[in-house]
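Please look over the sequence and the structure below before reading on. The paragraphs that follow lead through some parts of the fold and end at the ligand.

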Amino acid sequence: MKAGARVALFGECMLELQGQAFGLLRQGFGGDTFNTAVYLARCGQAAGLHVAYATALGDDPLSTGLLERWAGEGLDLWLVRRLPGRMPGLYMIDVDARGERSFSYWRDASAARAYFDAEITPLEAAADTIDALYLSGISLAILPPEGRERLFALMLRLRDRGAMVVFDNNYRPRLWPDTGIAIGCFDTAYVLASVALVTADDHQALFGLPSLEAAVAEAQALPVPELVIKRGAAPTLVRAPGGPWQAVPTEPVARVVDTTAAGDSFAAGYLSRRLAGTDVAQAARFGNRLAARVIQHPGALIPRDAMADLAAEPLLPAPNGRPHA
Ligand code: ADP
């Protein structure tokens, strides 16, 4: 892939409230694809990667505040739509006296759901200039059926011209009206993607498989040329197009503080390397290292300083010198 590649990530970033219900709440923001975008911008800076987050926000002050913060994270904002009268989605993390966390969501009418409610969106208009598109099972879940069709058409268009189309299988049952619809959408995404990042747990849950081993075996048979199967602390399985399966060890972590964004940061680490032409095993190794760092800190987005060494690490060239095809 060329230097200064352009990546677009489509999804939803929500406002976050964390604390005790009816007590003091601290405000933040986050979302799976958004977390990946931020970590990718941090890790891809040295390689001149352009990372654009594609979503919709409202025209309210909170939406403006989000955009300012996203720009501060180095994200390109040219694919963001602003929809008058809509608002960003919101979720609350209620931390009880024993430190247990529970989540509540207000996202049914969020702006991001309406991203494709236009003749042509900035993402579609930019389709011929994007080198890689990244989306997740949550990106699909939040869209109405017509929006999903538009996103699938975009995946097909990019895939046809050899761009990288990456699908991450984040499966959240409560976002789907029924499992059958979710399975249909995931099946389509797997046919259209050139790269899939599959969490074994989520694969097992979606397809109702009897064991994690069965989930891994089924995931290995998915019709995607480049496949990564994540299994928590167990070695990551990875296969380049036409290549053999390789097991890449994860990093030992003595004390896991918070696994939020483990998969999101893995995806960013992996893609930052693949977009620079590094081979799949090296890319998975870097993804594992970044994810291991992230889970040793609270929250989805760890401070920049806590990963400055990883972000500054030089990109390894592919042993055969060939960039991602
Ligand atoms: P997800 O966050 O998508 O549910 P996983 O739980 O499989 O996915 O974790 C994603 C990645 O985070 C793993 O591939 C690994 O790199 C890292 N990771 C998760 N848990 C651990 C752990 N206990 N020790 C080391 N690395 C971990």
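Two strands pair if DSSP finds at least two bridges between them. Helices (H or I, at least four residues) and strands (E, at least two) are themselves DSSP runs, numbered from the N terminus. The model is predicted, so local features need pLDDT of at least 70 and side-chain atom pairs count only at pLDDT 80 or more, while totals for chains, interfaces and linings use all residues. Residues are numbered from 1 along each chain as its sequence is written, and side-chain values use heavy atoms, with hydrogens and water left out.

Begin with an open sheet, which 4 strands form in the order 3-2-7-8 with mixed pairing. Strand 3 and strand 8 (101–106) are at the edges; each has a single partner strand, so one side of each lacks a neighbour in the sheet. On average, neighbouring strands of this sheet are turned by 25 degrees against each other, direction ignored. Axes here are lines fitted to C-alpha atoms, for helices over the stretch in contact, and angles run from 0 to 180 degrees between N-to-C directions. Helix 2 (residues 61–72) packs on this sheet and touches strand 2 and strand 3, its direction making about 65 degrees with that of strand 3. Contact means heavy atoms within 4.5 Å.

Strand 7 (residues 90–95) and strand 8 run antiparallel and are joined by 6 bridges. Leucine 90 is opposite tryptophan 106 in strand 8, and aspartate 94 is opposite serine 102. The two strands form a hairpin with 5 residues between them, and glycine 99 in the turn has a positive phi of about 85 degrees.

Positive phi values also occur in residues other than glycine. Phenylalanine 22 has a phi near 65 degrees and sits in the loop between strand 2 (14–19) and strand 3 (25–30). Is phenylalanine 22 buried or exposed? Phenylalanine 22 is exposed, with a relative accessible area of 90%. Buried means under 20% relative accessible area, exposed over 50%, and partly exposed in between (1.4 Å probe, protein chains only). Alanine 261 has a phi near 70 degrees and lies in the loop between strand 14 (246–248) and helix 9 (262–274). Alanine 261 is buried, at a relative accessible area of 7%. In helix 1 (residues 32–44), 13 of the 13 residues are buried, so helix 1 is largely enclosed by the rest of the structure.

A further set of strands comes next. Strand 12 (residues 226–231) and strand 13 (residues 234–239) run antiparallel, joined by 4 bridges. Leucine 227 has arginine 239 in strand 13 as its bridge partner. These strands form a hairpin with 2 residues between them, where glycine 232 in the turn has a positive phi of about 60 degrees. Strand 13 also pairs with strand 14 in the antiparallel sense, over 3 bridges, and leucine 237 is opposite alanine 247 in strand 14.

Glycine 232 leads on to the ligand. Of the 16 residues around the ligand, Thr199, Gly232, Glu251, Gly263 and Asn288 come nearest; a residue is near a molecule or strand if one of its heavy atoms lies within 4 Å of it. A backbone N or O atom of glycine 232 is 2.7 Å from an oxygen atom of the ligand. A polar backbone atom of glycine 263 is 2.9 Å from a ligand oxygen atom. For asparagine 288, an N or O atom in the side chain lies 2.7 Å from an oxygen atom of the ligand. A polar contact is a pair of N or O atoms within 3.5 Å; within protein, one must be able to donate a hydrogen and the other to accept it, and residues adjacent in sequence count only if both atoms are side-chain atoms.
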